[in-house]
Amino acid sequence: MKRLSRPTSERSTLALLEINSIVVQYGKMQALHGVSLRVDQRSITAVIGHNGGGKSTTLKAIAGLVKVQNGTIQFKNREISNKAPHEVVVEGISMIPADRKLFPYLNVLDNLRMGSYCRRAWTKQDSNLEMVFELFPKLKQLQSKEARTLSGGEQQMLVIGRALMSEPEVLLMDELTAGLAPLLVNKVLEVMQDIRRKNVTILVAEQSAAKILRIVDNAYVMENGQIVLEGGSEELTHNPLVLEAYFRV
Amino acid sequence: MYVLMALGFSLIWGISGMFNFAHGAMYMLGAYISFTLISWGLNASLSIFLMMIIMFLLGVLIERFCIRPFSSYRGTPSYVMNCVIVTLALAIAFETAILLIYGGEFKTVNPVSPGVVILGPFQISNQMVYSFLFGVLSIAAIGLFIKYTRVGLAMRALAQEPTAASMMGLNPDAIYSITFGISSALAGLAGALLAPVYSIYPSVGWVSFLYAFIVVILGGLGSMTGVIAAGFLVGVIKNVGTIWFSGQWMMAIIFGALILLLLLRPRGLFGTRVG
């Protein structure tokens, strides 16, 4: 693995989330061949790479949606690998999957309320709802509409809002900008920065490197189930390999 | 009363995705348990209430020990088959147990209060009124529970997107248990309320089970209001129909209507999903 950034030991902030050499297998197929990465508190970290490279799998492993055969996943220095998805949420990590998975027949309000299902967040439901409506005023208008009737962009807002309702410390975002119009993509990137200001750490998997690299603090490039490159946004944006492979949008 | 049975059945089908063949047995157990409690001198309403709690716990236990071990198969066709077999076995087991404990003869159950109420040209027994009120209140209570409480919301979410639900911090097993418990309590209630009308015997659950099945299909899987509406519809058709036709014909007519309806509207009257 090529490291372009300053060595890990020199970074002053504490790693909030740390993955060490995790191996994930789907039946006979090995998806992750020993992936290690770290996410610092209050940062936006990205995992970029072509589809099928293992970005989603990495996020799913953290969220407890796929089993990890080897390696460790540590959150705040606690081992959380292979915990059930609902336990991971209680720990403070929420995931927004690539296919959104909204509750289609529930209205916007109920979808949001479901977001704050875990006891810790349920008691603060009203204040969290206010916060989400402030971030996405349109959602307040659409409150009683069924989720399946919303447009793509509206669904995207809802899915982010729903994840925020659980008061996560870390937000995992899988391919959030896929299939979105450029205007909406910019809105999503803006929102991510707003979220970071609220002290939420973000780990995002993205196929389109160009836009995401503008706002990240740190990024990992992943191919074929392995990390091949790591660095800050400045370095990666000017790296010839990255430019060639990923900036041909 | 068909509504009660159907509601419980469709809850399990909609949320856990499995057929509970022991549902009829729940009806029967509810009838016998409240019968026993009453015969021990306990007040009728209290007995029924207590019975519902017992049935709820029984449902939770069944889910935990008989259904959950198969949960790794959830979503596959073999899961449904597994559950059918397990619940069928349970039903037979319960029936045999009751047979051994109580004997197989028909027992008549005394109505809560004898006497009738005159309502215009109709004479309605007090028992009917009592059952009706109790039933309607329970249905309303369940409806409110599903709509407004945290657990109710969880049940609805789990039915629609199980993966997403667990990503919200929901422990699916806990909800499945509760669902089973509620379903059993409702079936038991139906059994207890109808006991004075039909008298009880170990196999009494199967007819109700059949009706529950019909009502759920008629009302459409996945729709609470549909099930309620269909339940009332079936109840009305049955009761009104027996004025003109004899009992045997009734079943044939109801089935015929069902087939006709499904041909025209595969989703049932209010269904949101097919099958």
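Helices and strands are DSSP runs numbered from the N terminus, with helices (H or I) of at least four residues and strands (E) of at least two. Within this pairing, Leu17(A) has Val39(A) in E3(A) as its bridge partner. The two strands belong to an open sheet of four strands in the order E3-E2-E5-E6 (chain A), with antiparallel pairing. Its edges are formed by strand E3 (29–40) and strand E6 (78–79) of chain A, each of which pairs on one side only.

The structure is a predicted model, in which local features need pLDDT of at least 70 and side-chain atom pairs count only at pLDDT 80 or more, whereas totals for chains, interfaces and linings use all residues. Residues are numbered from 1 along each chain as its sequence is written, and chains are lettered from A and ligands numbered from 1 in the order in which they are written. The model scores ipTM 0.77 and pTM 0.77.

Chain A contains eleven helices and eleven strands. Its C-alpha trace spans about 50 × 40 × 35 Å along the principal axes. The radius of gyration of chain A is 18 Å, which agrees with the value near 18 Å for a compact globule with 249 residues; this radius is taken over C-alpha atoms, and the globule rule is 2.2 Å times the number of residues to the power 0.38. Of the 249 residues in chain A, 45% are buried. A residue is classed as buried if 20 or more other C-beta atoms lie within 10 Å of its own, as exposed if 12 or fewer do, and as partly exposed in between, with C-beta atoms placed from the backbone. Among contacts in chain A between residues at least 6 apart in sequence, 69% join residues at least 24 apart; a contact is defined by C-beta atoms, placed from the backbone, that lie within 7 Å.

Helix H1 (residues 55–63) of chain A is mostly covered, with nine of its nine residues buried. The buried residues of H1(A) include Lys55(A), Lys60(A), Leu59(A) and Ile62(A). Just after H1(A), Gly64(A) adopts a positive phi of about 85°.

An automatic or database domain assignment supplies the domain bounds. Chain A is divided into domain 1 (2–92 + 168–246) and domain 2 (101–167), and the C-alpha centres of these two domains of chain A lie 24 Å apart. Eleven residues of domain 1 of chain A are in contact with ten residues of domain 2 of chain A. On the side of domain 1 of chain A that touches domain 2 of chain A, the elements giving two or more residues are helix H2 (85–91) and helix H8 (182–197) of chain A. H8(A) gives the most to this side, with four residues. By class, this side of domain 1 of chain A has nine nonpolar, one polar and one charged residues. In this classification, Ala, Val, Leu, Ile, Met, Phe, Trp, Tyr, Cys and Pro count as nonpolar, Asp, Glu, Lys and Arg as charged, and the others, Gly among them, as polar.

The contact between the chains takes 19 residues from chain A and 16 residues from chain B. H2 and helix H3 (108–115) of chain A are the elements that give two or more residues to the side of chain A that touches chain B. By class, that side of chain A has 13 nonpolar, three polar and three charged residues.

Pro85(A) is found in helix H2 of chain A. Pro85(A) is buried, with 23 other C-beta atoms within 10 Å. Not counting residues up to four places away in sequence, Pro85(A) touches Ala63(A), Gly64(A) and Leu65(A), as well as Ser166(B) and Met167(B). Pro85(A) and Ala178(A) are 93 residues apart in sequence and 24 Å apart in space, C-alpha to C-alpha.

Chain B contains eleven helices and two strands, and its elements run α-α-α-α-β-β-α-α-α-α-α-α-α from the N terminus on. Of the 275 residues in chain B, 45% are buried. Residues 24 or more positions apart account for 73% of the contacts in chain B with a separation of 6 or more. Chain B averages a pLDDT of 72, and 62% of the residues score at least 70; pLDDT is the predictor's confidence in each residue, from 0 to 100. Over residues 269–275 of chain B, pLDDT stays under 50, and the model has 25 contacts beyond four places in sequence for these residues.

Note on methods: Contact = placed C-beta atoms within 7 Å. Pairing = 2+ DSSP bridges.
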